[in-house]
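Biologist: I have not worked with this one before. Could you walk me through it?

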Amino acid sequence: MALADFLKQLDEVAVQAAQVFGSAADAEAVEAGRVEFMGAKQGRLKAAQKGMGVLDKAERPAAGKRFNEVKEQIDAAFQAAVERLAAKPPAVRKMTPQFDPTVPGTPLRIGRLHPITQTIEELKDIMGRLGFSVADGPEIEDERHNFEALNIPREHPARDPLDNFYLAAAGHASGVETALLRSQTSTVQIRVMEKTPPPIRIICLGRVYRPDTADATHYPMFHQMEGLLIDTHVTMADLKSVLRLFATSYLGRDVHIRFRPSFFPFTEPSVEVDFHWDGQWIEFGGAGMVDPNVLNAVGYDPEQVIGFAFGLGIERLCMRRHGITDIREFYKNDVRFLHQF
Ligand code: FA5
């Protein structure tokens, strides 16, 4: 190779390197230029230096001098590019100056099931172990299922519009069948027996509605757990055993159970069910042997089958278990209360 060609090639490398380093917009471009021109193995300066070996001996000093000049120029262009970029913060830092990936994040607040929902799940579990399966029914009911078939005739005071949420009170007053929000889960006894032949062993857990004034132990919407067992040989002793097993499972071994004589149109005899726990007797619900009129109303033969039923207030159970003194706490949506369960 002639000296002239060698010098021309060096000049081209110098011009191109000046261009690359002069226009490099970020550290990656500078590094790519460094590898291209100054790389120790494959760099273009290295290639030019190797080219020097084929020149005539007499031409080498001039070639070497020029090579050193170009090498210095390229070094300087590289240094200038590095300094220029160091002075200017990278674009990405400018766009998100606040972001620090090492700062711990804000913990998410995880929700939880409402205490009444948790109680319902637990009650289903306990009663499931006693062989009861879960049945369901509508919250908007007709008068047949809420009253008639439960042996509560039209003139009965329990059907008074002041004691129920009729969906059209005027209709009820004029004797027309009117829908209402169910006032008890006993409606589901009827719905299950209408559809299913005996034997029956079900529970139903759900909302009921009454125009009760809210106080520490009453709320216009609350939950009941209904139980119904129909078979051929069933006695009050079975009812008491099931309720005692239930109470000891939910509240603990030291619970006592008491039946007080009472009246419900759909059971005969009827009792109020009290549990004694933690030094106090508390009424949790009603129970009794299913009235023959109810069995007749669903087409069962009272000579062939017999059974018991009970209805317990779920809020009261949950309150007792957790020492809650005011039922209204459940429905205030105050997470400071709800978060404790
Ligand atoms: C009944 O509702 C009957 N259906 C229970 C029953 C079922 C008897 C099967 C016989 C056979 P009572 O109206 O007493 O009964 O209500 C039952 C329970 O619901 C009460 O003991 C109480 O624990 C709860 N309860 C009643 N009213 C409210 C209210 N406003 N707020 C919260 N809980 C209530």
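Modeller: What follows is a short tour by questions and answers. This is a predicted model, where local features need pLDDT of at least 70, side-chain atom pairs count only at pLDDT 80 or more, and totals for chains, interfaces and linings use all residues. Residues are numbered from 1 along each chain as its sequence is written, and side-chain values use heavy atoms, with hydrogens and water left out.

Biologist: What domains is the protein chain divided into?

Modeller: Domain 1 covers 3–87 and domain 2 covers 115–338; the bounds come from an automatic or database domain assignment. Their C-alpha centres lie 93 Å apart.

Biologist: How many residues does helix H1 have?

Modeller: H1 has 21 residues, 3–23, and reaches 31 Å from its first C-alpha to its last, close to the 30 Å expected at 1.5 Å a residue. That expected span is 1.5 Å times one less than the number of residues. Helices here are DSSP runs (H or I, at least four residues), numbered from the N terminus.

Biologist: Which residues of H1 are buried?

Modeller: Leu3, Phe6, Leu10, Val13, Ala14, Ala17 and Phe21. Buried means under 20% relative accessible area, exposed over 50%, and partly exposed in between, with a 1.4 Å probe and protein chains only. Seen down the axis of H1, the buried residues fall within an arc of 100°, so they line one face of the helix. The arc is taken from the directions from the helix axis to the C-beta atoms.

Biologist: And what is exposed on the other side of H1?

Modeller: Ala4, Lys8, Val15, Gln19, Gly22 and Ser23.

Biologist: What covers the buried residues of H1?

Modeller: The cover includes helix H2 (27–38), helix H3 (44–51) and helix H4 (60–87), with contact meaning heavy atoms within 4.5 Å.

Biologist: New topic. How many aromatic pairs does the structure hold?

Modeller: Ten. Rings of Phe, Tyr and Trp (its six-membered ring) pair if their centres lie within 6.5 Å; planes under 30 degrees apart count as stacked, over 60 as edge-to-face and the rest as tilted. One of the pairs is Phe21 with Phe37, tilted, at 6.2 Å centre to centre and 55° between the planes. This pair links distant parts of the chain, with Phe21 in H1 and Phe37 in H2, 16 residues apart.

Biologist: Is Phe37 buried or exposed?

Modeller: Phe37 counts as buried because its relative accessibility is 0%.

Biologist: Which residues do ring pairs link into a cluster?

Modeller: Tyr219, Phe330, Tyr331, Phe337 and Phe341.

Definitions and conventions
Helix = DSSP H or I, 4+ residues; strand = E, 2+ residues; numbered from the N terminus.
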